[in-house]
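I opened my notebook to get to know a new structure, one piece at a time. Here is what I looked up, in the order I went.

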Protein chains: 2
Amino acid sequence: MGRAMGLAGLLLGLVVVPAVLVSTSLRHGAPRAGAEPEPSDWEVAADAVPEDSLWPLPQWVRTYSRQLHLAPGRFQLVHGAGSSAGPGCGLLQDAFRRYYEYMFGHSRRRTRSRRPLAARAEPELFQLQVVIEAGDPGCDRHPQLTSSEAYHLTVTEPVAILKAYEVWGALRGLETFSQLVHEDDYGSFLVNESEINDFPRFAHRGVLLDTSRHYLPLKSILTNLDAMAFNKFNVLHWHIVDDQSFPYQSIYFPELSDKGAYSSNLIYTPTDVHLVIEYARLRGIRVIPEFDTPGHTQSWGKGQKDLLTPCYNGEQPTGSFGPVNPVWNTTYDFMTKFFKEISSVFPDEFIHLGGDEVDFSCWKSNPEVKKFMKKQGFGTDYAKLESYYVQNIVDIVSSYNKGQMVWQEVFDHKAQLKPDTVVQVWMASNYAHELSSVTGAGFTTILSAPWYLDYISYGQDWKKYYSVEPLNFPGTEKQKKLVIGGEACLWGEFVDATNLTPRLWPRASAVGERLWSSSNVTNLQDAYKRLTNHRCRMLRLWQL
Amino acid sequence: MGRAMGLAGLLLGLVVVPAVLVSTSLRHGAPRAGAEPEPSDWEVAADAVPEDSLWPLPQWVRTYSRQLHLAPGRFQLVHGAGSSAGPGCGLLQDAFRRYYEYMFGHSRRRTRSRRPLAARAEPELFQLQVVIEAGDPGCDRHPQLTSSEAYHLTVTEPVAILKAYEVWGALRGLETFSQLVHEDDYGSFLVNESEINDFPRFAHRGVLLDTSRHYLPLKSILTNLDAMAFNKFNVLHWHIVDDQSFPYQSIYFPELSDKGAYSSNLIYTPTDVHLVIEYARLRGIRVIPEFDTPGHTQSWGKGQKDLLTPCYNGEQPTGSFGPVNPVWNTTYDFMTKFFKEISSVFPDEFIHLGGDEVDFSCWKSNPEVKKFMKKQGFGTDYAKLESYYVQNIVDIVSSYNKGQMVWQEVFDHKAQLKPDTVVQVWMASNYAHELSSVTGAGFTTILSAPWYLDYISYGQDWKKYYSVEPLNFPGTEKQKKLVIGGEACLWGEFVDATNLTPRLWPRASAVGERLWSSSNVTNLQDAYKRLTNHRCRMLRLWQL
């Protein structure tokens, strides 16, 4: 009836993986430390190898077989001596509370068998001391592209030390520390002595959520931000509006959502938006909003008259509308005011301007547009008109001191972009070539093309996402450096609150490790083992 | 970046579909009634056409534009005059309570705007009277293959009447009635006057759940039973054990789950099993357990020594095991006792014996098996050995007065089957031919091959499931009558509690309508509209 037997599921989330194996101390291609440890350090751990549940794999990990015991009633997360952060650092205080709960919270509701006395002799770990080294720890700031996420973690009796330059690195280190702590069969919490030196391979590691095709309740977005933090993602690319609906409640233009949202309660109020941004900030995640124009804007037209281009059939308007009208001054008046609001509501340095998939047929039908083309000397090259529009928007947004992200067509159509513009490569066909072109022209870029996670297929497709190497394109070292990261995209045509989480996680985890870990972390078997444990942990945390 | 615009989602569950259209009174190919109603009966309804949310579409529907008002505080579901069922009928009492809650329960938590006075003038519907016509209404029985699910529903002022021969038909009619009731923008409950005559096209309409590849918590199974009732499915095919795990806790052989389950808490106790059966019964759903042998039995071997065939490499046992050992008497002693328990625990007339995908390589390697083949004169035809085994099991199970279901290989390999055996066709390649063969040999059959819902792909694959015509195979009228239904199968390799519901529903709804409604209900646009509303309703009910 079913299946060839033995086709094991990707996600045996509920299966306890048996303890095995010798502890490998230095992991994959991480820079080797000077002195190798003595053989006695290499004993087989009583439980599974501690790094068997680390995800994404840190750059440099050494673990020892010696286990330390953590007593939930005594163990503390504290600010270490010499840290520039202290109890006034709300971001870290919140993280301490959160990670304490992640590590120990679930155990309160469990009964357990009594631990044999002999096994209680482990030495104890009393504290994790967090030391922020920068003069300004960044507690009240927002994370940005140039933030440091590096950290150094040593776990030895009696205290573990987590050092980071900024709070953002401390957040990543707390996640790693919590992944090292495990509960044995008797309900005891254990951590192996270890040393970890870690930093991200790429600075921009994003997840795109689409709240236009289907509305996503706030809770779904927040749950996803938690999952992103578990996987060390640091950018929520919020594709907030599109043709289908306009759920963003604008302060200046409330009619946009009044008329463009699916319904009056399926919107994001200013309070909602602020909550998402703050929830993300506390997890070291940037929120980059995308207000995609001039295409993908049908829903804008419902609340803002005279914004979209009227389409014509010969001399007659058809009653349908095309992309934003690029020839009227009122368009730019509106956009100036609109992006002023967006620049102020969203604190990130970058705004995503979209610019993809502009359908020229309506522009081509419109007499005013045709006249304008002639006047500008664009001939019949509507890509020039698109670039004209985009350059106006770029100038508007630049005047608010915001950097820009755009989809690849904006680059392909030769718009004059600011030097720090980030070009997002999404077209699946020959994306390596596109990466070459974009970086060859000196622009920074992020890769999404192989990571469209809304496309589904039977079986373990995470391997496909995992096996992508973003720098595998023809180009110089200088070009490779311009690839600042990538994004897993979950478009919303077939996604809503009912299936978002199981569709995105842990498939996006594969992208998360590719963007964080060293380029030579590519072993699928090893990844499978760690990903299985990681998923199991995520399930447990979601049920907290 | 994303998608061609306008690719609307399958499941705009959260989108309110605007009211439209003229009320079509007589639906798709249903037998026409004698007198056509007067034109005045055909006015456009103030709201959406009532049958726009019926799923699966009844065999015969006539709706009128006249709307009746239901006041939650006054409206009652009651036993009608002349019914053989009364307040002592727990099954109906429970159904009354459940459907009252479905219809009105969600409204309590909603605030609403005030209804204009003028609109309050509708006539009122005070009761739904349920009349069971059979001498024995069946309240305390279990549904079976031959149960009547037909019903006749008339909704007119001041009372609606639901007539059914047995309680099973009343359950289906209650579901339909609840689908007719809708809430307007002011929070008023309305139903259009209507008349519905309905019965299933096929008697066996199943969903297969697999609790071996991944354990499914009881709650997931019960939620799925609710969804099945919403879609008029009437068989839960419980593929309860397989190679990967043995979660069924046996009374006679507790070691099977002690050692064969994923863990000691990932099991179904006798109480759990009883709860599933009773929850299903109250919804008119049969529970057919599958204990698949002789293949797919690796997990059985953990708790029951000397049951599986030891595999050999030349003269030496390899330590691995193959299918159930068909040559030892102890095997049949065990199976006799085991199936005695199963026959008693599961009240359904049928047990599914599996019999699929038997790998002969281990049998071929085993010296004792080879000797037995010789002795029996089977030559090297291991299909004969398989049939020998299966016939023994069939005889055992028959002695407990149970009918049998088997996967198609059992038929293909020419086992001597009891005349009432149901052969389940699952192989995708040329299933029409297999249906011809099975029915040509005089066996009843159910179809699953085109309805393996664990296989996923991008987009609206429900259309593929919907477009299957089970009787589209070469055969006589008599052969067609032997097709008693079908099953949507959700194998568990990539399914657990996190994704079961969104993966199965509403995709399985497509199968549900194909198996219930008239063969000419095939219009995809009409189905899309109704399915969208139906999903919306299911989401609401799940959130109750």
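Before starting, I noted that contact here means heavy atoms within 4.5 Å. I also kept in mind that this is a predicted model.

**Entry 1: the barrel in chain A.** I wanted to know in which order the strands close into a barrel. I found eight strands in the order E8-E9-E10-E13-E14-E15-E16-E17 of chain A, with parallel pairing. Neighbouring strands of this sheet are turned by 30° against each other on average, direction ignored.

Entry 2: I picked strand E13 (residues 350–354) and strand E14 (residues 403–407) of chain A, which run parallel and are joined by three bridges. I located A:Phe350 and saw that it stands opposite A:Gly403 in E14(A). Next I looked up helix H10 (residues 382–399) of chain A, which lies across strand E10 (286–293), E13 and E14 of chain A. H10 runs at about 165° to E13(A).

**Entry 3: a helix in chain A.** I turned to helix H2 (residues 167–180) of chain A, which has 14 residues. From its first C-alpha to its last, H2(A) reaches 20 Å, close to the 20 Å expected at 1.5 Å a residue. Is H2(A) enclosed or open to the outside? I found 14 of its 14 residues buried, so H2(A) is largely enclosed by the rest of the structure.

**Entry 4: a covered strand in chain B.** I moved on to strand E9 (residues 235–239) of chain B, where five of the five residues are buried. Which residues lie on each face of E9(B)? I listed B:Val235, B:His237 and B:His239 on one side, with B:Leu236 and B:Trp238 on the other, and they are all buried. I reminded myself that side chains in a regular strand alternate between the two faces of the sheet.

**Entry 5: the neighbours of E9(B).** I checked strand E8 (residues 204–210) of chain B, which pairs with E9(B) in the parallel sense over five bridges. B:Gly206 stands opposite B:Val235 in E9(B). The chain crosses from E8(B) through helix H3 (residues 218–230) to E9(B), and I noted this β-α-β crossover as right-handed. Five bridges also join E9(B) to strand E10 (residues 286–293) of chain B, and these two run parallel. There I found B:Leu236 opposite B:Val287 in E10(B).

**Entry 6: a loop residue in chain B.** I ended with B:Asp185, in the loop between strand E6 (182–183) and strand E7 (189–198) of chain B. Exposed means over 50% relative accessible area, so at 69% B:Asp185 counts as exposed. I also looked up B:Asp140, 45 residues apart from B:Asp185 along the chain, and their C-alpha atoms are separated by 41 Å.

Definitions and conventions. Residues are numbered from 1 along each chain as its sequence is written. Chains are lettered from A and ligands numbered from 1 in the order in which they are written. This is a predicted model: local features need pLDDT of at least 70, side-chain atom pairs count only at pLDDT 80 or more; totals for chains, interfaces and linings use all residues. Side-chain values use heavy atoms; hydrogens and water are left out. Helices (H or I, at least four residues) and strands (E, at least two) are DSSP runs, numbered from the N terminus. The expected span of a helix is 1.5 Å times one less than its number of residues. Buried means under 20% relative accessible area, exposed over 50%, partly exposed in between (1.4 Å probe, protein chains only). Two strands pair if DSSP finds at least two bridges between them. A crossover is right-handed if, with the strands pointing away from the viewer, the path from the first strand over the helix to the second runs clockwise. Axes are lines fitted to C-alpha atoms, for helices over the stretch in contact, and angles run from 0 to 180 degrees between N-to-C directions.
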